[in-house]
Protein chains: 2
Amino acid sequence: MIQELIDRYISISFQVHKKAESLIKYQLGNDLTNDQHYILRYIHLAGSCTSTELAEVFEVNKSAITAIINRMTDRGLIERTRDENDRRVVYLTLTEQGIELYQKAQEKIHLLVESIITQFEEPEITAFINTYEKLAEVLNNKKKEELGE
Amino acid sequence: MIQELIDRYISISFQVHKKAESLIKYQLGNDLTNDQHYILRYIHLAGSCTSTELAEVFEVNKSAITAIINRMTDRGLIERTRDENDRRVVYLTLTEQGIELYQKAQEKIHLLVESIITQFEEPEITAFINTYEKLAEVLNNKKKEELGE
DNA sequence: AAAAATAGTTAAACTATTTAACTATTCATG
DNA sequence: CATGAATAGTTAAATAGTTTAACTATTTTT
């Protein structure tokens, strides 16, 4: 029954979401908030990026990004560099200290996820992640659809 | 390869989490924040509950719950009732207005989740939800383990 | 050259959170 | 049964993250 699946999905996604957040927070301790870690991760993987890009990816207003980046530049984790060709643009990159802190945190998250994933049989977790990826795609389209209306 | 699965899991769970949060926020509009909706949901399903219980379920300090409940009692959505047998305890229940607002919100979330779930074949989504539920269990044990250390 | 668009910041107001100190009540035990 | 410990909840101060609206500076369009 579809109604039952919907209810189970709502319950369980909320629970997993909360628990995961809380476990990540526990791993990060006082070094970084979860949001700060996600942002460091994004900048690290991208090499460098702009506030506008972060605001789109994280689906918040640009001023929210400014605030987060301010806190991390104050701590010497992120650097701002003005684009000399288009002086409106500011590139964000990790400082050495930022890279170091990110990697230290990322290792912990990696171990956490490993300890969880290895409690499943490989075919089950692979199937799960495959569907999860499809779900991300569906949610992305849903978002565009909402905005298009 | 397990390393690859871990990386895919970290990326995708973050993405889905963000998108889902943002879609729910869009559905709730200015009526409720996501956290407020989750708390109304919990109290509604439980019938009534205490701050301590909410703090445990949501894994935050009790003072965070006090703050959220204050905002919602101010808006007439939640009522506090002192237990006459144990006067330390305060029971939280939804007011009529709270029930009404919750149900209105819940309908929207339900439709949202339905529109997402129905884009999958039934066996796939059922398998997904089953694994998701196991995952919730694993995360729960992980949490206890962390605290036990 | 003037108007429109873009990138980013600032300021004010708000929600959510933590920590530490506190009140009020109940439990435990010596 | 009195006192000290535990429990339930609140308060206050500090911090993180968010939105909205107004702003600066720059580039693009027309």
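A salt bridge is a side-chain nitrogen of Lys or Arg within 4 Å of a carboxyl oxygen of Asp or Glu. The legends below refer to a predicted model.

**Figure 1. Salt bridges across the interface of chain A and chain B.** By this rule, eight salt bridges are found across the interface. One of them joins Glu133(A) to Arg8(B), and the closest N and O atoms of this pair lie 2.8 Å apart. Between the two chains, 23 residue pairs are in polar contact.

**Figure 2. The area buried between chain A and chain B.** The size of an interface is often expressed as the accessible area lost when the parts come together. Here the two chains bury about 6500 Å² between them, and 68% of this area is on carbon and sulfur atoms. Within chain A, the residues that lose the most area to chain B are Lys19(A), Phe128(A) and Tyr132(A), which together contribute 10% of what that side buries. In terms of contacts, 59 residues of chain A meet 59 residues of chain B.

**Figure 3. The side of chain A that touches chain B.** Helices H1 (2–28), H2 (34–46), H5 (96–117) and H6 (122–148) of chain A each supply at least two residues of this side. The largest share, 23 residues, comes from H1(A). Sorted by class, the side comprises 27 nonpolar, 16 polar and 16 charged residues.

**Figure 4. The fold of chain A.** Chain A contains six helices and two strands. Read from the N terminus, its elements follow the order α-α-α-α-β-β-α-α. The C-alpha atoms occupy a box of roughly 60 × 40 × 25 Å along the principal axes. Of the 149 residues of chain A, 43% count as buried. Among contacts in chain A with a separation of 6 or more, 50% are between residues 24 or more positions apart.

**Figure 5. The loop that holds Glu59(A), between helix H3 (51–58) and helix H4 (62–74) of chain A.** Most residues other than glycine have a negative phi. Glu59(A), however, has a positive phi, near 55°.

Figure 6. Glu59(B) is not a glycine, yet its phi is positive, at about 55°. With a relative accessibility of 23%, Glu59(B) counts as partly exposed.

Definitions and conventions. Residues are numbered from 1 along each chain as its sequence is written. Chains are lettered from A and ligands numbered from 1 in the order in which they are written. This is a predicted model: local features need pLDDT of at least 70, side-chain atom pairs count only at pLDDT 80 or more; totals for chains, interfaces and linings use all residues. Side-chain values use heavy atoms; hydrogens and water are left out. Contact means heavy atoms within 4.5 Å. Buried area is the accessible area (1.4 Å probe) that two parts lose on being put together, summed over both. A polar contact is a pair of N or O atoms within 3.5 Å; within protein, one must be able to donate a hydrogen and the other to accept it, and residues adjacent in sequence count only if both atoms are side-chain atoms. Helices (H or I, at least four residues) and strands (E, at least two) are DSSP runs, numbered from the N terminus. Ala, Val, Leu, Ile, Met, Phe, Trp, Tyr, Cys and Pro count as nonpolar, Asp, Glu, Lys and Arg as charged, and the others, Gly among them, as polar. Buried means under 20% relative accessible area, exposed over 50%, partly exposed in between (1.4 Å probe, protein chains only).
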